[in-house]
Amino acid sequence: MRPGDGRRRPSPRPGVRLEPVERAGPSRLLRFHKPYGVLSQFTPEGRWRGLKDFIDLPGVYVAGRLDADSEGLLLLTDDGGLQARIADPRFKMEKTYWVQVEGVPDAAALQALERGVQLNDGPTLPARARRLDVPPPVGEREPPIRVRQHIPDTWIELVIREGRNRQVRRMTAAVGHPTLRLVRAAIGPFALDGLAPGTWAEAEIPAALAVRRPGTHRM
């Protein structure tokens, strides 16, 4: 994209090699608190809103996706190399989720999540799971979750290194506790850190994630 032309270049298709180019300035990385009902793309579809309702910056693209019915941290960058490091499962960047589940998971259920559970696309890798004694600082969801009368719910924290389709929801269902609400709290060293839903902030890029070459990749 030429500076100032106001147009967005389409996101690269999976498997397309991004072309290295010299940068005119430092890379940008944004932390965005994605609300419920918003897609991980700028264009809306059907009843789901797009990122363009919240982020009016040309040349930034999502690094790792989050389902429309999930909330929480979404990272965007204008640097293709950084995008790959964040989104590619080979880099094994941990993702932390706050999950409101139906029922009260016991020690056996949490241990099963940690060991790995069998899903229809294979077993999950070992994870970390714990019950949260105090609900996380995320406020009420709009619209509110649907709860069943006389059935309690519990918040747990789940840390995984994979990124399969709807993985967290399938994992909690596999141990008998369907997910009612899902909030991504952190991706590696990046966290929500008090961001209000629908707002974004610039993030500092750690040296360990910086692409160590003069150019970067064209988005």
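Q: What makes Arg-28 and Ala-63 contacts of Leu-76?
A: Contact means heavy atoms within 4.5 Å. Leu-76 touches Arg-28, Leu-29, Leu-30, Phe-32, Phe-42, Leu-51, Ile-55, Val-60, Tyr-61, Val-62 and Ala-63, with residues up to four places away in sequence not counted. The model is predicted: local features need pLDDT of at least 70, side-chain atom pairs count only at pLDDT 80 or more, and totals for chains, interfaces and linings use all residues. Residues are numbered from 1 along each chain as its sequence is written, and side-chain values use heavy atoms, with hydrogens and water left out.

Q: Why is the set that includes Leu-51 and Leu-158 called a nonpolar core?
A: A nonpolar core is a set of buried (under 20% relative accessible area, 1.4 Å probe, protein chains only) Ala, Val, Leu, Ile, Met, Phe, Trp, Tyr and Cys residues joined through side-chain atoms within 4.5 Å. The largest has 28 residues, and Leu-51, Ile-55, Leu-76, Val-99, Leu-113 and Leu-158 have the most contacts inside it.

Q: How do you know where this core lies relative to domain 1 and domain 2?
A: Domain bounds come from an automatic or database domain assignment. Domain 1 (28-91 + 191-206) and domain 2 (94-187) both give residues to the core, so it lies between them. A second, separate core of 18 residues includes Leu-82, Met-93, Ala-185 and Leu-209.

Q: Which residues of helix H3 are called buried?
A: Helices are DSSP runs (H or I, at least four residues), as are strands (E, at least two), numbered from the N terminus. In H3 (residues 167-174), Gln-167, Val-168, Arg-169, Met-171 and Thr-172 are buried. They pack against elements including helix H2 (107-115) and strand S9 (153-160).

Conventions:
Buried < 20%, exposed > 50% of the residue type's maximum accessible area, 1.4 Å probe, protein only.
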